[in-house]
Amino acid sequence: MRAARLIKMVLLLQSRPSMTAAELARELEVSERTVTRDAQALSEAGVPVYADRGRAGGYRLIGGYRTRLTGLGRSEAEALFLSGVPGALREMGLEDTASAARLKVSAALMPSLRDASRTAAQRFHLDAPNWFKEPKTPELLPAVADAVWDDRRIVARYRRGEAESEAERELEPYGLVLKAGVWYLCARVAGHGSYRVYRIDRFTAVEAAAERFERDGEFDLPEFWDERAGQFARSILRSEVVVRVSPGGVRRLPYTVDPQSAREAVEAAGAPDGDGWVTLTLPVESEEVAHTQLASLGPEIEVLQPRSLRERFAGDAIRLAALYGG
């Protein structure tokens, strides 16, 4: 533990001209007294750590000292490629590993390039969750992530949808996907050869098995996810509505319902009528969902079928007229 901290201290000082005891203590998560002791230990070991006293003082390396302790371990190298997703790293328990990897890379760079990670972080940031939703990290995510990195089988218990019943599966965890703040596991069911997708927040227990599995070299996680996501989006569109939409409504429609379904419906529509409106047959999840989604288009859309949905919109219009008619 202390050896790793001493190495990190050297790398920190190598990547910056000078650091105060308070800054080092914050980075190393120790007290300033411990920083003083560590600096003395490095000096006694031959590392030229020099302490400048006074208000502008701090610790620095002298004589152009360079350490060769910059080689990346496998876990650090893998985490480095995820450094642009700090929230995901933190939730998977990889934040410290990625920090060590960035330090090593920074220490290996020319002095003029050592601020590259800081300048990049000031200019680009990924915020994965949707607006107005408080993301909640699944408690078992770090355990699942460890198994994914290690190609190790897991035995997982999970809730079936919203039901109270649970099922147990032995899985070969291939990859993790963070979609709109929700974590999913793409895994192959052991002994079946089929790949499935599981929401990790529905896992109630995860136990890593002793044996590893042999990963299928042909498996492509982004391709698999795109295919399954498309299948899911199409599977929930079980109903249809017939609507008449204005030119402005056509432009807004892909932001209101499933974008691909909206585009396909517009492409399949006939010619606009004399007012420029087009009649579309639109796949929707249900009448209830369609009512909520299409209501946002206001007077830019007219529901023709089913009659029950048209009557709901007619009722809305009567209520709105009563509210605003005065």
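## Terms and basis

A residue is called buried under 20% relative accessible area, exposed over 50%, and partly exposed in between, using a 1.4 Å probe and protein chains only. By that scale, Asp-201 is partly exposed at 31% relative accessibility.

This is a predicted model, in which local features need pLDDT of at least 70 and side-chain atom pairs count only at pLDDT 80 or more, while totals for chains, interfaces and linings use all residues. Residues are numbered from 1 along each chain as its sequence is written, and side-chain values use heavy atoms, with hydrogens and water left out.

## Nonpolar core

A nonpolar core is a set of buried Ala, Val, Leu, Ile, Met, Phe, Trp, Tyr and Cys residues joined through side-chain atoms within 4.5 Å. The largest one here has 19 residues, and those with the most contacts inside it are Val-144, Leu-171, Leu-176, Leu-185, Ile-200 and Phe-203. Two or more residues each come from α8 (141-150), β3 (152-159), β4 (166-179), β5 (182-189) and β7 (203-212). Helix α8 gives the largest share, five residues. Helices (H or I, at least four residues) and strands (E, at least two) are DSSP runs, numbered from the N terminus.

## Salt bridges

The whole structure holds 17 salt bridges, each a side-chain nitrogen of Lys or Arg within 4 Å of a carboxyl oxygen of Asp or Glu.

Glu-172 is buried, at 5% relative accessibility. Glu-172 pairs with Arg-153, their closest N and O atoms being 3.0 Å apart. This pair links distant parts of the chain, with Arg-153 in strand β3 and Glu-172 in strand β4, 19 residues apart. A salt bridge also joins Glu-172 to Arg-188 (2.7 Å, N to O). Arg-188 lies in strand β5, so this pair ties together parts that are 16 residues apart in sequence. Arg-188 is buried at 17%, whereas Arg-153 is partly exposed at 22%.

Elsewhere, Arg-199 and Asp-201 form a salt bridge with closest N and O atoms 2.6 Å apart. A network of salt bridges links Arg-244, Asp-273, Asp-275, Glu-302 and Arg-310.

## Backbone features

Gln-305 and Pro-306 are joined by a cis peptide bond, with omega about 0°. Pro-306 lies in the loop between β10 (301-305) and α13 (307-324).

Glu-29, a residue other than glycine, has a positive phi near 60°. Glu-29 sits in the loop between α2 (21-28) and α3 (32-44), and is exposed at 69% relative accessibility. Asp-151 also has a positive phi, near 50°. Asp-151 is in the loop between α8 and β3 and is partly exposed at 22%.
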